[in-house]
Amino acid sequence: MKLCETDSGKYTSVLQLPGSVLIVPQATLGGKPKGKGMQYHGNIGKDEGLKLYDSFVSHCQNELSAYTSAVRHRKTCKTNEGAECLSQPSSETSNGANKRIPKRAGHLSSPSRDDHVPVYTLVLVLVLSVCTRFYKITEPPHVCWDETHFGKMGSYYINRTFFFDVHPPLGKMLIGLAGYLTGYDGTFPFIKPGDKYEHHNYWGMRAFCAALGSCLPPFAFLIVLELSHSKPAALIAASLLIFDTGCITLSQYILLDPILMFFIMGSVLCMVRFNTQRLRPFSFSWWFWLLLTGVCLSGSLGVKFVGLFVILLVGINTAFDLWRLLGDLSLSLLDFGKHLLARVFGLIMLPLFLYTTIFAVHFIVLNRSGPGDGFFSSAFQSRLIGNNLHNASMPEYLAYGSVITVKNLRIAGGYLHSHWHLYPEGVGAHQQQVTAYLHKDYNNLWLVKRPDNSDDLTGPPELVRQGDIIRLEHKETTRNLHSHFHEAPLTKKHLQVTGYGINGSGDVNDLWQVEVCGGKKGDPVKVLRSKVRFLHRSTSCVLCSSGKTLPKWGWEQVEVTCSPYVKETPNTQWNIEDHINPKLPNISLSVLKPTFLEVLWESHIVMIRGNSGLKPKDNEMNSKPWHWPINYQGLRFSGVNETEYRVYLLGNPVIWWLNLLSLALFVLMLTVASLAKQRGVKMEGMRKVHCHTLMEGGGMLLLGWLLHYLPFYIMGRILYYHHYFPAMLFSSMLTGTTNLHLLFSSSISHHLMRGGQFILLLGFIYSFYLFHPLSYGMRGPLAQDPASSMAGLRWMESWEF
Amino acid sequence: MQCVKLPISVRVEINLLLMAVTGLALVTRLYGIHFPRAVVFDEVYYGQFLSLYMKQVFFIDESGPPFGHMVLALGAYLGGFDGNFVWNRIGAEYTSNVPVWSLRVIPAFAGSFCIPLAYLLVVELGYSHFSALGACMLLLMENSLIVQSRFMLLESVLIFFLLLAVLSYLHFHKARNSSFRWFWLMICGVSCACGIGVKYMGMFTYFLLLGLTAVHTWQLIGDRTLSHGKVVVQVLVRFLALVVLPVIMYIGFFYVHLTLLYRSGPHDQMMSSAFQASLEGGLARITQGQPLDVALGSQVTLRTVSSKPVPCWLHSHKVNYPIRYENGRGSSHQQQVTCYPFKDVNNWWIIKDPGRHTLVVSSPPRPVRHGDIIQLLHGMTSRYLNTHDVAAPMSPHSQEVSGYIDFNVSMPAQNLWRVDIVNRESDREIWKTILSEVRLVHVNTSAVLKLSGASLPEWGFKQLEVVGDKIYKGYQQSGMWNVEEHRYGRSQEQKERELELKSPTHSDIKRNLTFMAKFLELQWKMLTVKNEESEHKYSSSPLEWITMDTNIAYWLHPSSNAQIQLIGNIVNWTIANLALVVYCLMFLTYLLRRRRKVEDIPQDSWEQLVLAGVICVGGWAVNYLPFFLMEKTLFLYHYLPALTFKILQIPIVVEHLYIHVLKSPAQRKAFGVVILAVLCSVYVSYHNLSPLTYGQPALSSDELAALRWRESWDILLRKR
């Protein structure tokens, strides 16, 4: 921070001034840093302060001159506050200028010239980013790319129908809310990309996302400002984001990413702010930033699980902070405990609470049956209005001759299912497939029959009891549930389960013994409430759903096997969900309502399963993590042909490649700096400060980039280009920090440095001008064609615009 | 006086102890290794490579680098094995020409020498000889390590090199001022390379050692008493020994591998044509002396550069696409063009000049160059290779490729193709046999001839689909073709030509790839070729390993209940888990208290404890945790390297507890008793399980059932 005025009138850092005693007025300790300057409020009057200050300084001088004859009193530095001073006695013997002398020195409430500029710049950044994000926000007036999912899910919230998605609900809830508030009625079906919106009010949802997206550049500005204390660096970082076509495109549509990035950047900003409060623990602003960090963290986790990475970043930062506090022996263990507890509360308890609250709202809002029902347990479904289990009424006890559906009790276990397809050759016996299927379907219906075909169709129905031997006939294909000594297709330790026989005739391998968990012999089987196991008679194995997904031949449904390990696990337990028997009286069943925590747990398991189930398909070009930083290939948001309105998600290559370059540069500088430090090279003044900023601030940003990028290499799920954008934010901020030091450490003059930064900015703007059609849409011939507006801009073969 | 006496007596004692444990190790590992005289578990897998080594036939094994196979092959070579055995079934009896003892003896020796290495390692970490002895006892009686050492398997060799690497590094690090220390650093580099050469898993320990070296080097850099020059030299030497040397050795293994295996064999097809041509026999015999430049009128077979899903040749046959597919879409009903993974006379195509009608090579030959327009005529059916705006059968977004038949339905022939040599050096480069990778671009639609990866159903004889890809972008191997077999066509008549096609190609030139090119291709194939991984009956997940909830049946006697099972000594595994937990708790407590400047133990002991933790707990973690991220089929034996490090942890924790935590003599005495009791129970457990370890004597069904200590163990019971 350059606070001190030298003889020549230039501002410089305290560290560069000679002298060994620094007199710091009490008022300075109460100041708030604002950018490069300070602001002071509530201090003593200006004139009085000056008087007091002068008398104090003269006292000091007297004291000093008493010890030494040669006191060189340089001009005290007049900073923005005018009362902060440097007194430079050349001897170190002085103890009169003790910093802790309780004395109010003057103040100056008018903020300095420097203070204004960040505000103006900040406003400029904000205006620019709003302009770039909101320009042509309603174009194209049709569904683009993933809007088909997230717009649809927003509508589900408005219509209150239950659905299933692999991401946590906050993002979609906010989209739904934004749509609701701007007059969207939830009636647009969002069937596929390219559908025209026509009269539907879609702009509100887009504007909401764009508004959050517009916050990113100002956030980046503030973060870099805080970390590097340099306005040009902050400005460069912010302009990188303002003029990046990728960030603009991603912010303009109904997507989760702008919301996610908003919360990620928010968390980082709050964390950085919190770090600067470290000298004033437990003050109001300390608590404020701590709690706000927690809120932002829960927000980012509530939008996508990618939010975990920023939680990790904040966690590591906090761990370092705590480690530092623990090593501070002036702090008693009790104080340390307070620090620890405050962080546990602010960064763990509060986010956790908010996160569960999000889910609570989600479950309260969505109370109608919808497309996501089948993924959840019977108990869960009974909560949903319109589901056949809601206030269900069906025969209470299982009887012979009933038609039933059987659901696995494993979380997100499917219905026992079969269909007109055989196991392929080479996979056990060439018989009909039996699988577990997550959706409701006619092929899930099974008929309960006696072992000996002696079903009495006329008499009163007889109940199935524990220990009874039954056959299960598939209603649609009339084959019996069957097992035999063949390996199961995936779980080789288990036996294969097939559909066998025609019109109900079969063999002894079709016999299953019913066992109710925790029941006695002769107990009837309660629909919905009993946990039932099916023991195969001839091989004494138990019907099991392994949870593994079958390959293409099994329609990617879940494998059903017969497990020789008879331990009771949810995989081998089933319940009877639907039960149709016209001869029995229907009884209204109040199914045990699940508690909120059970519902929460269940939905998380389902989400994680769903996420890991998103595997890349064979023969499909998919995006690899190494493609991303080099901007190898973008994503088509809308339009393929020459005649269509095309939007292509691709980062501004100039910006992205600059980011890549500065990343390498930063690593190099970091290595050199730490080597120098380790070798004990003496560093003077500014250089030391820069080195410190570089390692602390830049290191934090580098860590953020790594945390948001590297984990994708080990992810099995399908990856897309837009997954890189959170990491790109960090890398842009790092570029800002690095460039500052690059320009500083070389001893070129002030003007040249400014000039360099100016050229850099112009470069961004020019490249933005070149590539802006990517975001704001283009028509006409593709870029290969010289007649195209994008001709000559296809710098990489792999870009498809 | 004692000072004079002690070193001598102590020295003798060490040697004796070391000798004793080595002897015991040899007895437990080598005793009766020729039994059973049958293929045991993965011997069936390594055996096939052994036979190929003996016959010097080329093979590719994507599971690991060749050094491990070479070590096993050395045994076979010394035993005089001729490679004649069919490795097809676990439990198959060995024929008399198989030197069972010498096949198994190298892994057994490696497994035995792990014990003295463990001894030295514990001593090197700064712990007492008692602890070292304890570590050896535990390892000696570890049934799973014994089983794995006694057969023709690679884990024991791997563990041997890992321990050697760690030991030599510690030796290097401790011996600050001896000039001999650089020798130890070399040994470390060499054994790291060997470890990786046996199995890629060795990489984990290598990275651990690199990390440790980095930290130590960093401290060295911080040492300001050294001059800059000295520091640079120190860093450079470490870099040479631990990075450059292993890389050179690793490449060296491949050099030996490729030099030894010069004959063509069953895995040829996975490699490129150029690679195959460098092997003796096989393709080399056919392609030797083919004309190099492809000319108008040449007869060629076109092979895909990509080997996914299988390498195949562009093919056509006298069957048409069905008029309607199963899903109701229509086709052009023209002749099928497919990709066929076997050699066939229908793979021959003739390159024709669109401007002329001649099908023979004029003299002098007019070579085809990059950018030339050609037609491709199917040799046996005389149909032109054609593509048009009709959806392909399996990939509807691409164009159908057909042999053109004129049905007079206003569907004109579109049979012009532009030759696009991808790996060209100049823009007028000539299309070369085997060497050129060519993209065939359709002139009318600029679609690229490409293997889609899907297979056709019954009507296409399950052959692979070939399509014209309109949105082809970037470099895709599936769109590249090279000429494999090639001859100049000499006859104009269809009949004569058919005869010509059926006769083998001939003449002679030899083309050789450089070693580096071959190495890179082989390495790339090893890393990218994925076998269809399915679950195995004895595969398990890493979580089951910690508590040993799983086992592997290695061998079962054909008539009795005698069997060999990979089951660990359950007592060992339990106390190893316990020691791990104790260590972590201890470490955390010390760490936090030291931060508050409370020093419970002297600095030396603390550093010793940390180093031991890095080696043992770190060794366990790096060899275990990565498996959670792997998607391949995993077995219990993958855990054995981690287990070895974990067992080494036990005596270290015990010694630390004994010296620093237990203060009163009474406590120490009690602790000593506990240790003795545990050792006894380790022995009892070892003894009880040994029939399953050594495969004899055969137990009765009841005894076996009694040994099934965990429900999840699959012990085989013969039904009477």
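Predicted model: local features only at pLDDT ≥ 70, side-chain atom pairs only at ≥ 80, totals over all residues.
How much of residues 522–579 of chain A is helix and how much is strand, and how many Å apart are the end C-alpha atoms? I found 0% helix and 43% strand over residues 522–579 of chain A, with the end C-alpha atoms 20 Å apart.

**Entry: MIR spans in chain A**

I picked that stretch from the UniProt record, an unreviewed entry, which annotates "domain: MIR" on residues 395–451, 461–517 and 522–579 of chain A. I then looked up residues 395–451 of chain A as well. There the span is 44% strand and 0% helix, and its end C-alpha atoms lie 22 Å apart.

**Entry: MIR spans in chain B**

Chain B has the annotation "domain: MIR" too, again from an unreviewed UniProt entry, and it covers residues 291–354, 365–422 and 427–486. For residues 291–354 of chain B I noted 41% strand, 0% helix and 22 Å between the end C-alpha atoms. For residues 365–422 of chain B my notes say 40% strand, 0% helix and 23 Å from end to end, C-alpha to C-alpha.

**Entry: where the chains meet**

Next I turned to the interface.

**Entry: α7 and α8 of chain B**

I moved on to helix pairs. Helix α7 (residues 155–174) and helix α8 (residues 181–198) of chain B have axes 8 Å apart and pack at about 155°. An angle over 145 degrees counts as roughly antiparallel, so α7(B) is roughly antiparallel to α8(B). The crossing of α7(B) and α8(B) is left-handed. I listed the residues in contact: from α7(B) they include F161(B), L164(B), Y169(B) and F172(B), and from α8(B) they include W182(B), W184(B), C188(B) and C192(B). By class, the contact of α7(B) with α8(B) counts 15 nonpolar, four polar and one charged residues.

**Entry: α17 and α18 of chain B**

The crossing of α17(B) past α18(B) is left-handed. Among the residues that meet, I jotted down L609(B), I615(B), W620(B) and Y624(B) in α17(B), and F645(B), L648(B), I652(B) and H656(B) in α18(B). The contact of α17(B) with α18(B) divides into twelve nonpolar, six polar and one charged residues.

**Entry: α3 and α10 of chain B**

How do α3 (residues 66–78) and α10 (residues 228–260) of chain B cross, and within what distance do their axes come? The axes come within 9 Å and cross at roughly 55°, which makes α3(B) oblique to α10(B). I recorded the crossing of α3(B) and α10(B) as left-handed. P66(B), F67(B) and M70(B) of α3(B) make the contact with F253(B), F254(B), V256(B) and H257(B) of α10(B).

Last, I went through the loops. Which peptide bond involving P36(B) is cis? The one joining F35(B) and P36(B) is, with omega about -5°, and P36(B) sits in the loop between α1 (2–30) and α2 (43–55) of chain B. I also logged a cis bond from Q696(B) to P697(B), where omega is near 0°. P697(B) belongs to the loop between α19 (665–694) and α20 (701–707) of chain B. In chain A I noted R160(A), which is not a glycine but has a positive phi of about 60°. R160(A) lies in the loop between α4 (147–159) and α5 (170–181) of chain A.

Note on methods: Residues numbered from 1 in each chain as written. Chains lettered and ligands numbered in written order. Heavy atoms only, no water. UniProt positions renumbered as here; feature names shortened; annotations may be inferred. Helix = DSSP H or I, 4+ residues; strand = E, 2+ residues; numbered from the N terminus. Axes fitted to C-alpha atoms, helices over the stretch in contact; angles between N-to-C directions. Parallel < 35°, antiparallel > 145°, perpendicular 65-115°, else oblique. Left-handed = near helix turned anticlockwise from the far one by under 90°. Contact = heavy atoms within 4.5 Å. Nonpolar A, V, L, I, M, F, W, Y, C, P; charged D, E, K, R; others polar.
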